[in-house]
Amino acid sequence: MPNRRTILPDARVSPRFAGVATFCRYPRLADVLPENRPVDWAIYGVPYDGGVTYRPGARFAPRVIRDESQYVKPFHIGHNVNVCEKLSLADAGDAPVKPYSPKENADSVAAFAASLADPSSKLFAVGGDHSIAYANIRATWERRGRPSGGLAMIHFDSHLDTVDAVWGEKWGHASPFIRAIEDGLINPRRMLSIGVKGPLNAASDLEFAKKHGVTIVTREELSSGGTSGCASGGVTAIVSFVKSLANAETYVTVDIDVVDPAFAPGTGTPSVGGISSAELLALLRSLRGVNIAGADVVEVLPDRDHAGITALLAAHVMFEIIALDAATR
Ligand SMILES: [Mn+2]
């Protein structure tokens, strides 16, 4: 095993409140020392919100999440792992976006992601609205050897994001997973959507997912059977889904609107009655052992945020997912 690691700035020389902000203070990709290459994860921003159906502004999230991530430290207590000693991590900057066209944007971001770092480096995209997930999934699928039938996926979201088109637009933030499934990038029978809740436009909103075998754990299924919200039939379903994955290459996508607006107000399509930030972190920690191939966190809207709490949560979501990978190496 190569002894690569992530060199952080000395916090007693360059304090956490000083310097140019990168994700979690990881080095810029260009600054990674030769002995720490290739990086295990290339983390990049996608400042794009041309795919939203409601309130815009997520294009400003990567910059704000970088800022809020300065206080994310490297040692994970639950997994007993220091991610910076286990992994070489880098901030790869922002993808070139096409603000006026969701499809052109998806192509541009996917091409950027495909060229990032080394083919062995995993890709973490920080949105941006959820339409950007398609591009990172596509680049991840290619990078992981184009697994036939597609990647497995664990999806945290209030919404299923499998709407065929909105206003005739097939590449908006309601549609990334229908496109990824159509293109064979995601295997719907190995897709788990956690935290889905209403109100929906119609019962038919669930049809595509049900017809294609997507496993859905609704918000209500998560909380039934326990006041903690995390001791329930929904959790049992998650555990058995994770077991069924064995060592399958699995993509993790987190729409921050899965969390209640009381904890994550800074988002464009808020949905009341979500899980808490602590519950989201607990659910992510429960995925230990999953073979994580790539990931994203999306839908932070800084202009609607208060005290940076949504962006801070997104930074910790990123850390939790990377820590899952570190814990299994
Ligand atoms: Mn979404």
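A residue is termed buried if 20 or more other C-beta atoms lie within 10 Å of its own, exposed if 12 or fewer do, and partly exposed in between, with C-beta atoms placed from the backbone. The model is predicted: local features need pLDDT of at least 70 and side-chain atom pairs count only at pLDDT 80 or more, whereas totals for chains, interfaces and linings use all residues. Residues are numbered from 1 along each chain as its sequence is written.

Helices (H or I, at least four residues) and strands (E, at least two) are DSSP runs numbered from the N terminus. In helix H9 (residues 277–285), the buried residues are Ser277, Glu279, Leu280, Leu283 and Leu284. These lie on the same side of H9, because they cover an arc of only 160 degrees around the axis (the arc is that of the directions from the helix axis to the C-beta atoms). Their cover includes strand E6 (151–156), strand E7 (186–196) and H10; residues are in contact if their C-beta atoms, placed from the backbone, lie within 7 Å.

Helix H10 is itself mostly covered, with 17 of its 19 residues buried. The axes of H1 (residues 61–68) and H10 (residues 309–327) come within 8 Å and cross at roughly 75 degrees; axes are lines fitted to C-alpha atoms, for helices over the stretch in contact, and angles run from 0 to 180 degrees between N-to-C directions. H1 and H10 are therefore roughly perpendicular (65 to 115 degrees). Ala61, Val64, Ile65 and Glu68 of H1 meet Ala311, Leu312, Ala314 and Ala315 of H10 in this contact.

Terms used. Angles under 35 degrees count as roughly parallel, over 145 as roughly antiparallel, 65 to 115 as roughly perpendicular and the rest as oblique. Two residues are in contact if their C-beta atoms, placed from the backbone, lie within 7 Å.
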